Amino acid sequence: MAKYIIRGGKTLNGAIKVDGSKNATLPILAASILCNDEVTLTNVPRFRDVFNMLKILNALNVETVFIDEHTLKINAKNAKFQAIKSDLSRHIRSSIFMLGSILSRFKEASIAYPGGCDIGTRPINLHIKGLRELGVDILEKHGQIKCNAEKLHAGTVVLDFPSVGTTENLILASVLTEGTTTIINAAKEPEIEDLINFLNSVGANISGGGTSVIKIDGVSELGGATYKIMPDRIIAGTFLIATAITGGRVELHDVNSEHLSSLISKLRQNSCHIVCLDDIIYISSQGRLKANSQIETQVYPGFPTDLQSQMLVLACVSNGNSVITENLFEMRFKTVPELTKMGAKIVVKGKSAIVEGVNKLYGSDVYATDLRGGVGLVLAGLKAEGYTTVHDIEHIERGYFELEKTLTILGADIKKVE
Ligand code: UD1
């Protein structure tokens, strides 16, 4: 496994462009198998998860080709049914999003159970329940989910919890189903709006994106289009937090600041100066931060769980005490022992981490076990005195492209060692 070696203590300064969103790209890739004409996606990020999703599309005989670094052409005309076995689905939980679109396209689906992962058990009961309510027959056997959608029909589904993946799956299952399907208590995350905007651009009729009631009027077919993927709000947030921690002045280009309001308001409380102008965010920080007393992860527009690990590091080096509560994924405090090695003072009690800010972190050997926790360790390394080695960075590369190069542009001392 590759590692990053970081010499901490540098401030971050300069301007960077933020990549397209991983969590928008993955369901849009799933949606592309429903299109009868060619789809061109621009601003596609080159993350490991994206390439793993392309392997699934290719297994379904969908042609995919990058015509430049971030522009992907997809042709699903000759798509063929194929069971998705665990060798493909185990690398990427989002393979579960394929369920809705495979059912829509082939009227049957067989996908290996995505199982648990490094941030928690990640059940799929809401996906299964919602699809069953729309008439899908589902049999879960030997780790494989086998579905038959001959009786798939429009209807109203009330979600017990506004799950992002379930909302996306139900949209994908019903976009080509005659009649109106309504999802009540739908997730409001911006990536769902991006999926809806993409589907509408190829001929779907979906309204209510960004609200808790989404209506899908089924259409008979979808065509093709050129569509730009939205910016990755989690990457943007990660660089904002990195700059807050190290100190410095950074401009993030190609971002949507509205998607980051909960983070921006917390960083202002930390005494960072932030200005948002069109699609640019400017941040400056002295690197001496006031602690936020309370942070609690919530569904959008609340504080995102995908920025919790990075904010935990910020709390570790802030002046004062913080309580960070994780409400979505129960194992997202797995970096705590690693941060403790670096001198952080954190006590985990149930869903909360109680953090006493310290003046200094010290370089150490630490291990990434998940994507966001892993990038949190990189941020800690940027601040720590001396050298930090972050091992197992393949986790980080699932959602960040050449992170070491971007941080080097901003003045960090970091290198990747294979
Ligand atoms: C998506 C994002 C992930 C982000 C999460 C929450 C993608 C590819 N991933 O994941 O980065 O952290 O939203 O913003 O877009 N749940 C159930 N049963 C289900 C489904 C979910 O109990 O069938 C629970 C989960 O365990 C979790 C909560 O619902 O506690 C939120 O999960 P969900 O919104 O579905 O997240 P994902 O779509 O998996």
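The structure is a predicted model, in which local features need pLDDT of at least 70 and side-chain atom pairs count only at pLDDT 80 or more, while totals for chains, interfaces and linings use all residues. Residues are numbered from 1 along each chain as its sequence is written, and side-chain values use heavy atoms, with hydrogens and water left out.

## The chain as a whole

The protein chain contains 14 helices and 23 strands. Here helices (H or I, at least four residues) and strands (E, at least two) are DSSP runs, numbered from the N terminus. The radius of gyration of the chain is 21 Å, close to the 22 Å that the globule rule gives for 418 residues, so the chain is as compact as a globular protein of that length. That radius is taken over C-alpha atoms, and the globule rule is 2.2 Å times the number of residues to the power 0.38. Along its principal axes, the C-alpha trace spans about 60 × 45 × 40 Å.

Of the 418 residues, 57% are buried. A residue is called buried under 20% relative accessible area, exposed over 50%, and partly exposed in between (1.4 Å probe, protein chains only).

## The ligand and its surroundings

The ligand is surrounded by 19 residues, and the closest are Asn125, Leu126, Ser163, Asp306 and Leu328. A residue is near a molecule if one of its heavy atoms lies within 4 Å of it.

| Residue | Atom of the residue | Atom of the ligand | Distance |
|---|---|---|---|
| Asparagine 125 | N or O atom in the side chain | nitrogen | 2.7 Å |
| Leucine 126 | polar backbone atom | oxygen | 2.7 Å |
| Serine 163 | polar side-chain atom | oxygen | 2.7 Å |

On its own, the ligand has 740 Å² of accessible area, and the protein covers 87% of it. Such areas come from the Shrake-Rupley method with a 1.4 Å probe; for residues, only the protein chains shown count as cover.

Two or more residues of the shell come from each of helix H5 (125-133) and helix H6 (164-174). The largest share, three residues, is given by H5. By class, the shell has eight nonpolar, seven polar and four charged residues. In this grouping Ala, Val, Leu, Ile, Met, Phe, Trp, Tyr, Cys and Pro count as nonpolar, Asp, Glu, Lys and Arg as charged, and the others, Gly among them, as polar. Domain 1 (3-18 + 231-417) and domain 2 (22-228) each supply at least three residues to the shell; the domain bounds come from an automatic or database domain assignment.

Helix H6 is largely enclosed by the rest of the structure, because ten of its eleven residues are buried. Among them are Gly165, Thr166, Glu168 and Leu172.

## Selected residues

Threonine 181 belongs to strand E10 (residues 180-184) and is buried, at 0% relative accessibility. A polar atom of the side chain of threonine 181 lies 3.4 Å from the backbone nitrogen of glycine 155.

Lysine 107, in the loop between helix H4 (98-106) and strand E6 (108-112), has a phi near 65°, a positive value in a residue other than glycine. At 31% relative accessibility, lysine 107 counts as partly exposed. Histidine 142 lies between strand E7 (137-141) and strand E8 (144-148), also in a loop. Its phi is positive too, near 50°, and histidine 142 is exposed, at 77% relative accessibility.

A cis peptide bond, with omega about 10°, joins tyrosine 300 and proline 301. Proline 301 is found in the loop between strand E17 (294-296) and helix H10 (308-316).

Two glycines complete the account. Glycine 8, in the loop between strand E1 (3-7) and strand E2 (12-17), is buried, with a relative accessible area of 16%. The C-alpha atoms of glycine 8 and glutamate 258 are separated by 31 Å, and the two residues are 250 residues apart along the chain. Glycine 203 occupies the loop between helix H7 (190-201) and strand E11 (205-207) and is partly exposed, at 37% relative accessibility. Serine 220 is 17 residues from glycine 203 in sequence and 9.4 Å from it in space, C-alpha to C-alpha.

Key:
A polar contact is a pair of N or O atoms within 3.5 Å; within protein, one must be able to donate a hydrogen and the other to accept it, and residues adjacent in sequence count only if both atoms are side-chain atoms.
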